[in-house]
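Good morning, and thank you for making time on the agenda. I would like to take you through one protein chain, from its overall make-up to a single residue.

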Amino acid sequence: MKVSRKIKEDVFVKDVNFGEVFCEDGRLFLRCRYEDEELECDVCDASMDINDYVDCLAVDLINGGIYNFEPHACVTIVDCEVIEK
């Protein structure tokens, strides 16, 4: 994947819109939200909404890992364009 980007502005992660890309420590992330059915606890069989337990989910655009950020982490929103090879 080749990414062309222009730096936009610094903000808190909590203020990044879902679907927007931001940079932290030189890595690019896409802010996301878990949008599936509720999860069931393996221990007590209770159902739960993961969004109640995580602050700010984001996908690393290089390795595909999903990370939870503290809401007041300072990041840089970037305008980017993904170019298919």
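I will begin with the basis of the model, then turn to the strands, the core and one aspartate.

What you see is a predicted model, in which local features need pLDDT of at least 70 and side-chain atom pairs count only at pLDDT 80 or more, while totals for chains, interfaces and linings use all residues. Residues are numbered from 1 along each chain as its sequence is written, and side-chain values use heavy atoms, with hydrogens and water left out.

First, the overall composition. The protein chain has zero helices and eight strands; here helices (H or I, at least four residues) and strands (E, at least two) are DSSP runs, numbered from the N terminus. Of its 85 residues, 27% count as buried, that is, under 20% relative accessible area with a 1.4 Å probe, protein chains only. Taking contact to mean heavy atoms within 4.5 Å, residues 24 or more positions apart account for 62% of the contacts with a separation of 6 or more.

Next, the pairing of strands, which requires at least two DSSP bridges between them. Strand 3, residues 27-32, pairs in the antiparallel sense with strand 2, residues 21-24, over four bridges. Strands 2 and 3 form a hairpin with two residues between them, and Asp 25 in that turn has a positive phi of about 50°. Glu 24 has Arg 27 of strand 3 as its bridge partner. Strand 3 also pairs in the antiparallel sense with strand 6, residues 56-60, again over four bridges; there, Leu 30 is partnered by Val 59.

Which residues make up the largest nonpolar core? It has 11 residues in all, among them Val 11, Val 13, Phe 22, Phe 29, Ala 58 and Ala 73. Such a core is a set of buried Ala, Val, Leu, Ile, Met, Phe, Trp, Tyr and Cys residues joined through side-chain atoms within 4.5 Å. Strand 6 and strand 8 (74-83) each supply at least two of the core residues. Beyond its neighbours within four places in sequence, Ala 73 contacts Val 11, Phe 12 and Val 13.

Finally, Asp 60, which lies in strand 6. Is Asp 60 buried or exposed? Its relative accessible area is 3%, so Asp 60 counts as buried. The Asp 60 side chain reaches the backbone nitrogen of Ile 62 at 2.7 Å.

Definitions and conventions: Buried < 20%, exposed > 50% of the residue type's maximum accessible area, 1.4 Å probe, protein only. Polar contact = N/O pair within 3.5 Å; in protein donor to acceptor, adjacent residues only side chain to side chain.
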